[in-house]
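Please consult the sequence and the 3D structure shown below while reading.

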Amino acid sequence: MTFKTIIEPFKIKEIEPINVTTEEERVKYLKDAFYNPFKLKSEHVLIDFLTDSGTSAMSSRQWAAMMEGDEAYAGSRSWLKMEAVIKDLTGFEHILPTHQGRAAERILYGYLGGKGKVFISNTHFDTTRANIEFSGAEAIDIPVEEAKHPMLDHPFKGNMDVKELERLINHYGPENIGGVILTVTNNSGGGQPVSMKNAKDVKQVCNKYKVNYFLDCCRIAENAYFINHRETGYEKKTYKEIAQEMFSLSDGCVMSAKKDGLVNMGGFLAVKDKALSDACTNLLIITEGFATYGGLSGRSMEAIAVGLEEVFEPDYLKYRIRSTAYLGEKLYKMGVPLIYPIGGHAVYIDARAFYPQIPVEQYPGQAMVCELYLKGGIRSVEIGSVMFGKKDKDGKFIPAPNELVRLAIPRRVYTQSHIEYVIEVFEKMFEGKENVKGMKIIEEPEFLRHFTAKFERL
Ligand code: F0G
């Protein structure tokens, strides 16, 4: 017998109360936060879709494992467990623990980067780009053409444009390529999956020119689900086998375990090459911690070891991907313009299409983020010109390619009734939407401005 309803494949053992706020209160909270949800207190948020990173609910097995945490400075038993799980999954010989993904990025891309170097990705995540640019190198995004059309139905909109990859390598010279980074799933490109065929094609080009090929694998289990369900030849493979095959194509990976590691903190860097590992280990010890803990406690490493296994459980992955799609498909039917098909960890709304009256230089995405908070206490994040917009040397505004709002769903945290509530809030978003005004930045830092910028409503 099959049923239409996909239940959460877990029971709730412990609860965290949600502080219910009124719209009147939220008007004040948002003003005090300078219209930037990163500045809101979490206790003033009803449904927190700011990120799926570090917000997972851990399982009873993970909590139990944490009690076994070995906090030895060197040679910790918990490290050996985490290392063994990662070696088995990735097949890489050299594993370096870090406190989160961006620390691994700083070490690897800082080492391989520097002035004159170029990195190429399907889409660099914002911290990846920032670490590369901070080293003095350049980061270039080359998603496939399909990725540029939000509503176009295509099974693998996360793919990299392989022809363009080859052209860029020839243009800059293989010796100047710091690395090619395949982000799976492609977070900034809508949480869209990358096919195994694309991963293989990228490998072929990288092999031909002998350039480093890395995976940004923080959502590789979710990506494996899509490959299993959408790519011919993978129907019978387990999700883990699919991930293992993808790792085997690359020279190394960077992982923020705060996503598919199902933990609240942690990450790692894994590489094939010993010389590269040695160079990175030096940086690891200087900036993160000794090689057998990086920036992690023994108990955190225990939780990662268990999380990296649990994330590949078929019932979990099915619930995870289908529940994200449930929200997205309801919004789609309601007429909310969004990236289609729905990605793995989040629903991405096209704010420019929702608020056609707001010009891009007035940040329609940020306006939507504010409306969602005011109307329903939902916290989301702008992925548009606030995050990726630039100014040319004459100070002219260069918008991001899209003006999106991301509803990122924490893993194992919200139930279907929370999701039904969000759907109802969206029904209210249509009321008076033509009167919603844009935003203006009144203060911003040099890097990653979306985290701390202050805004004013126009
Ligand atoms: N790579 C990707 C694809 C990511 O999505 C993230 C984080 C990182 C690297 C950096 O990892 O946060 O552990 O340092 N993404 C979060 C998000 C923050 O909300 O999408 P980190």
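## Ligand surroundings

Around the ligand there are 17 residues, of which Thr-51, Asp-216, Ser-256, Lys-259 and Arg-406 come nearest; a residue is near a molecule if one of its heavy atoms lies within 4 Å of it. The model is predicted, with local features needing pLDDT of at least 70 and side-chain atom pairs pLDDT 80 or more, while totals for chains, interfaces and linings use all residues. Residues are numbered from 1 along each chain as its sequence is written, and side-chain values use heavy atoms, without hydrogens and water.

For Arg-219, a polar side-chain atom is 3.0 Å from an oxygen atom of the ligand.

## Helices α3 and α9

Helix α3 (residues 77-90) packs against helix α9 (residues 239-249) at an angle of about 80°, the axes being 7 Å apart. The two helices are therefore roughly perpendicular, a term for angles of 65 to 115 degrees.

Asp-88, Leu-89 and Thr-90 of α3 meet Lys-240, Ala-243, Gln-244 and Phe-247 of α9, where contact means heavy atoms within 4.5 Å. The residues of this contact comprise 3 nonpolar, 2 polar and 2 charged.

## Helices α12 and α16

The axes of α12 (residues 314-334) and α16 (residues 416-429) come within 10 Å and cross at roughly 20°. These helices are therefore roughly parallel, a description for angles under 35 degrees.

Residues of α12 in the contact include Tyr-326 and Met-334, and those of α16 include Ile-419 and Phe-426. By class, the contact has 8 nonpolar, 1 polar and 3 charged residues.

Definitions and conventions. Axes are lines fitted to C-alpha atoms, for helices over the stretch in contact, and angles run from 0 to 180 degrees between N-to-C directions. Helices (H or I, at least four residues) and strands (E, at least two) are DSSP runs, numbered from the N terminus. Angles under 35 degrees count as roughly parallel, over 145 as roughly antiparallel, 65 to 115 as roughly perpendicular and the rest as oblique. Ala, Val, Leu, Ile, Met, Phe, Trp, Tyr, Cys and Pro count as nonpolar, Asp, Glu, Lys and Arg as charged, and the others, Gly among them, as polar. A polar contact is a pair of N or O atoms within 3.5 Å; within protein, one must be able to donate a hydrogen and the other to accept it, and residues adjacent in sequence count only if both atoms are side-chain atoms.
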